[in-house]
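I opened my notebook beside the viewer today and wrote down what I looked up. Here are the entries, in the order that made sense to me.

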Amino acid sequence: MKAAVVSSSRGAFLQHFFCVFGFRMGRVPFSSGAAAIGISCIMSEVNIARKKEKCENCTKQCNKKQSDDALRSLQEKGITNGEVSGHTLAQPVLLSACLSCDGCVSEEENSRISQQNLQEIYHVLALNKKCDASKHKLLVVSVCPQSLPFFAVKFHLDIPEAAQKLCGFLKSVGMKYVFDTTLAASFSILESQKEFVQRYRRRHHDTHAMPMFTSSCPGWIRYAEHVLGSLVTPHICTARSPQQVMGSLVKDYFTRQQKLTPEQVYHVVVAPCFDKKLEAVREEFYSSLQESRDVDCVLTSGEILHMMEQSDVSMEDIDPVPLDHVFGEISDPNLMRHDGRGSEGFLEHIFKYAAKELFGLDVQEIVYKTLRNRDFQEVVLERDGETLLQFAAVYGFRNIQTLVHRMRKGRVPYQLVEVLSCPGGCLSGRGQAEGEGGKPDRALVQQMEEAYSSLPVRLPETNLEVQRLYQDWLEGQDSRDAAVFSEQQTKSSRKKSGSCCDHAGHRKTAEYLL
């Protein structure tokens, strides 16, 4: 058995990707510099042929490729699918084994992922200091709402205060604009709501209409495309994730307001999850016409914290600076959140919207019923003893496996399933909530949940900035541009197939906005 050393940014990402799919690798402890440059992890490897194969189930294919000796070696160490025990080996796949056939992460993707780190940011900042002003990159940072509670806990401040300190720090090192991505999430939720109602109304003549699976989690999307294939992909909502809505918003709408071209803007996203790095490098989020990506670099909350620690600046020395907005001045600059347990709240908002739109019912409060565990819950809408809607929230790979098993047997009663690869949801992303031994820091997660729940809730439908976005960017929700947007999403969904080598995914075409 030989050891492989990888850069911490790529290694930490791959560790998360690996653990999401229920496998285990060498431990990378999360400390103040866990995601920083220079920290490496040790991964076990087995000798596997690099022959590419199409597969319906990557774990089975990888198992077939592994030698009996490698399997016995793993079994002696008691490594099972996501667990350590002395019992029989259950679908063992080492990281290098899983990636060796390039069926999931290609060499090109590996190269792109390796650039998603602090070094790239330092490189761009350094070039801005050296090169001619006409060649400067305008650095724009978009911060996910689920990252802000992390900084609030670490700074011992409430979320609005922490957001201003974070903004002040980022601008002090050379970032020009710092946005909150709640606006993009509201946009994504509204698109998902509309699609659900459309799917529900055609459910009797479209076998793929129900259930609808949410599309905001890149770990889940990756797994669905490369492992589950046609069983699941036609059911995935075609709306873009909040990250990629924000990406196109910055690279299209915002750049035009600034009288810049997309390649003149370097867009950084701060997220709680390593999977967002892989989402950013997907080929459909690159415009060959503009030679620009919607999101140039994703940094986790932990990486930003390490950047702050490296700068050797104390919290007291950072001047608080209000967050920016893509519209410039807005009527209500206060930070808001969506309903939901520390995630974007797709389930709750779609549930309330569908209840009103389809049945004329106003749902004020949603009551979750816990099924297998806290990460597998359901919500039911009833009237006169009749079940009208039945939704589920399924978080974590183990629960996803249960869902898929039921799907194969045709025993999924839900019209919508909110699927997230991280147990506990987005606040528990491994880019900010990982503790010793690779396990979630439960105390930290609880503090983040409390901080997040303190923010006021705003329905996407009542967000005036979202309505303004539709008008200014797409010329209205029912405009031709908005219709083209929806059509492009639907076309990409039709391209998905059961092949693990298909990379279509939920597509965004930058060109339609030009």
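What follows are my notes on this predicted model, grouped by element.

**Entry: a helix pair**

I began with helix 7 (residues 148-155) and helix 13 (residues 301-311), whose axes come within 10 Å and cross at roughly 40°. Since an angle from 35 to 65 degrees falls between the parallel and perpendicular classes, helix 7 and helix 13 are therefore oblique to each other. The crossing of helix 7 over helix 13 is right-handed. I then listed who makes the contact: Phe150, Phe151, Lys154 and Phe155 from helix 7, with Ser301, Gly302, Ile304, Leu305 and Met308 from helix 13. Sorted by class, that contact has six nonpolar, two polar and one charged residues.

Next I traced an open sheet of five strands, in the order 5-13-12-11-10, with mixed pairing. Strand 5 (212-213) and strand 10 (369-373) are its edges, each pairing on one side only. Helix 14 (residues 346-359) lies across strand 5, strand 11, strand 12 and strand 13 (416-420), and it runs at about 165° to strand 12.

**Entry: a helix inside**

How many residues of helix 10 (residues 218-228) are buried? I got 11 of the 11, so helix 10 is largely enclosed by the rest of the structure. The buried residues include Arg222, Glu225 and His226, along with Trp220 and Tyr223.

Then I looked at positive phi outside glycine. Lys259 has phi near 60°, and its place is the loop between helix 11 (242-257) and strand 6 (265-271). Is Lys259 buried or exposed? Its relative accessibility is 75%, so Lys259 counts as exposed.

Asp312 also has a positive phi, about 60°, without being a glycine. I found Asp312 in the loop between helix 13 and helix 14. With 70% relative accessibility, Asp312 counts as exposed.

Technical notes:
Residues are numbered from 1 along each chain as its sequence is written. This is a predicted model: local features need pLDDT of at least 70, side-chain atom pairs count only at pLDDT 80 or more; totals for chains, interfaces and linings use all residues. Side-chain values use heavy atoms; hydrogens and water are left out. Axes are lines fitted to C-alpha atoms, for helices over the stretch in contact, and angles run from 0 to 180 degrees between N-to-C directions. Helices (H or I, at least four residues) and strands (E, at least two) are DSSP runs, numbered from the N terminus. Angles under 35 degrees count as roughly parallel, over 145 as roughly antiparallel, 65 to 115 as roughly perpendicular and the rest as oblique. A crossing is left-handed if the near helix is turned anticlockwise from the far one by less than a right angle, and right-handed if clockwise. Contact means heavy atoms within 4.5 Å. Ala, Val, Leu, Ile, Met, Phe, Trp, Tyr, Cys and Pro count as nonpolar, Asp, Glu, Lys and Arg as charged, and the others, Gly among them, as polar. Two strands pair if DSSP finds at least two bridges between them. Buried means under 20% relative accessible area, exposed over 50%, partly exposed in between (1.4 Å probe, protein chains only).
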